[in-house]
Amino acid sequence: MATAILGMQWGDEGKGKITHLLARKASVVVRYSGGPNAGHTVIDRGVKFGTHQVPAGAFYPGTRCVLASGMVIDLAVLREEYETISAHLDNEIDLVISENAHLILPYHRTLEELEGSGAAIGTTRRGIGPAYRDKAARIGIRAGDLLNPTRLREKLAYRVTLLQRLWPASEETAALSAAGLADGLLDAGRPFLSSIGDTAGMIRDALSSASTTGEEVLFEGAQGALLDIDFGTYPCVTSSATTFAGLGQAIGIPNPCVERRIGVVKAYTTRVGRGSFPTEITGGIGARLQEKGGEFGVTTGRSRRCGWLDLVALKHAARLNGPTDLAITKLDVLSGLPEIEICVAYRLRGERIVHFPLADEDLALCQPIYETLVGWEEGIEGVRKYSDLPQEAHKYLERIAAELGAPIGLVSIGPAPEETIAIG
Ligand code: IMP
């Protein structure tokens with residue numbers, strides 16, 4: 001059986017916890033897109049981790065972790081995470097890295113600063129955009145290049161010359177040396193050299209054996225559908241495909257058979273960085289959600305903007321991810337609110353619309369149209385059975401499932417693995 005875990009909002013939905021939970025039974029866990037811009041929170045045997053490069057499913061010895069071709073990898077971040085988690089496990093993570101995955105170099109972060117995209121889009125400043133741009137421009141450095149140091153140095157020499165030509169006044173680019181960059185990569189990448197190879201073939205084999213033996217293969221999505229490079233709120237998006245629609249390309253398998261696609265939905269909406277957010281609440285309840293939900297970025301520590309659930313945006317995400325079931329996270333954060341708003345449509349230039357505008361500039365003009373649901377007073381952190389949730393919470397959850405056309409399989413009511421209600 002293969003399962004994909006997919007973000008349905010602007011990231012930070014709680015995919016890390018769900019991946020970690022389901023990975024217990026998985027033989028293979030694949031991260032297939034994005035890079036260290038992602039920060040997946042995992043609590044493993046009482047210890048909290050924020051994973052950025054290693055899959056959130058890496059916490060079980062015997063589970064193979066794959067970094068697939070759609071990713072961009074910062075080897076220094078990977079190395080640190082690999083060592084920390086391996087020490088926690090008392091066992092080295094079984095890691096495989098696609099030879100086609102692109103590497104993030106220090107100059108990618110420099111470019112982000114020189115060009116100002118960090119400030120303009122509110123990026124995570126991890127070099128993501130420039131690294132994916134080098135890939136598209138065919139001047140990127142890939143994991144496979146580490147296996148041939150001579151070729152690596154030649155490619156870097158060409159790349160450094162280009163950078164110095166384009167940014168002649170920059171001290172940072174003037175100081176770059178191909179030999180220094182190559183040494184840095186080879187040093188950080190040393191533990192992984194024997195793990196670099198053809199991940200598409202490996203995933204294909206795992207999927208084919210999963211279909212006959214009942215083994216579990218897990219695909220861990222990064223970011224959320226609304227940050228997708230093509231179908232998100234462009235230009236305030238990340239630089240990769242973040243939806244199920246992008247999975248096949250990112251792993252190199254046409255039409256992969258993924259029977260279960262879990263759409264992860266936070267019970268309210270958050271967004272970090274710049275960009276339109278029709279249901280944002282500034283102050284008041286927004287501040288309360290931020291505080292109670294601990295809404296601060298795992299990667300950057302930035303505070304996340306908070307607002308009500310947006311069904312217009314979620315239906316757009318459902319069309320891109322095709323969820324077979326939903327995991328609703330952080331439901332406990334809504335406890336104690338007398339009323340809960342839910343956005344059912346937008347008003348754009350005087351007209352009621354139910355489609356999600358793709359351009360961030362159009363979304364900025366949309367006013368949310370809300371329906372009001374009755375909230376619940378009592379805390380629900382201790383609840384372990386769906387039937388023990390308050391009636392008003394049932395109504396809220398049932399409304400989401402009905403609107404998105406997918407049943408709810410999991411409800412998360414706290415960060416720890418046991419704070420989860422499995423349904424059905
Ligand atoms: P980048 O991916 O660092 O280029 O950032 C582009 C946009 O995506 C910014 O608004 C970031 O805040 C947002 N973003 C990227 N990764 C994540 C994530 O994992 N969670 C939430 N937002 C993210």
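Colleague: Which residues lie nearest the centre of the second largest pocket?

Modeller: In this predicted model, Ser69, Gly70, Lys135, Gln249 and Ala250 lie nearest the centre, out of 16 lining residues. Helix H5 (128–137) and helix H10 (247–251) each give two or more residues to that lining. The lining divides into four nonpolar, nine polar and three charged residues, and the pocket holds about 280 Å³ of space.

Colleague: Why is the second largest pocket said to lie between domain 1 and domain 2?

Modeller: Because both domain 1 (2–99 + 196–261) and domain 2 (102–191) give residues to its lining.

Colleague: What makes Trp10 and Phe277 a tilted pair?

Modeller: Their ring centres are 5.5 Å apart, and a pair needs centres within 6.5 Å. The planes are at 55 degrees; stacked requires under 30 and edge-to-face over 60, so the pair counts as tilted. Trp10 lies in the loop between strand S1 (2–7) and helix H1 (15–23), and Phe277 in the loop between strand S12 (269–271) and helix H11 (284–292), so the pair ties together parts 267 residues apart in sequence. Both Trp10 and Phe277 are buried.

Colleague: Why is the pair of Tyr82 and Phe192 called edge-to-face?

Modeller: The planes of Tyr82 and Phe192 are at 85 degrees, with the centres 5.1 Å apart. The cut-off for edge-to-face is over 60 degrees, so the name applies.

Colleague: How do you know whether Tyr82 and Phe192 are buried or exposed?

Modeller: Buried means under 20% relative accessible area. Tyr82 is at 9% and Phe192 at 1%, so both count as buried.

Methods: Residues numbered from 1 in each chain as written. Predicted model: local features only at pLDDT ≥ 70, side-chain atom pairs only at ≥ 80, totals over all residues. Heavy atoms only, no water. Phe/Tyr/Trp six-rings, centres within 6.5 Å; stacked < 30°, edge-to-face > 60°. Helix = DSSP H or I, 4+ residues; strand = E, 2+ residues; numbered from the N terminus. Buried < 20%, exposed > 50% of the residue type's maximum accessible area, 1.4 Å probe, protein only. 1 Å grid on protein atoms, 1.4 Å probe; cavity = no way out; pocket = protein on both sides within 12 Å on 5 of 7 lines; lining within 4 Å. Points joined across faces, edges and corners; volume = space filled by probe spheres on them. Nonpolar A, V, L, I, M, F, W, Y, C, P; charged D, E, K, R; others polar. Domains from an automatic or database assignment.
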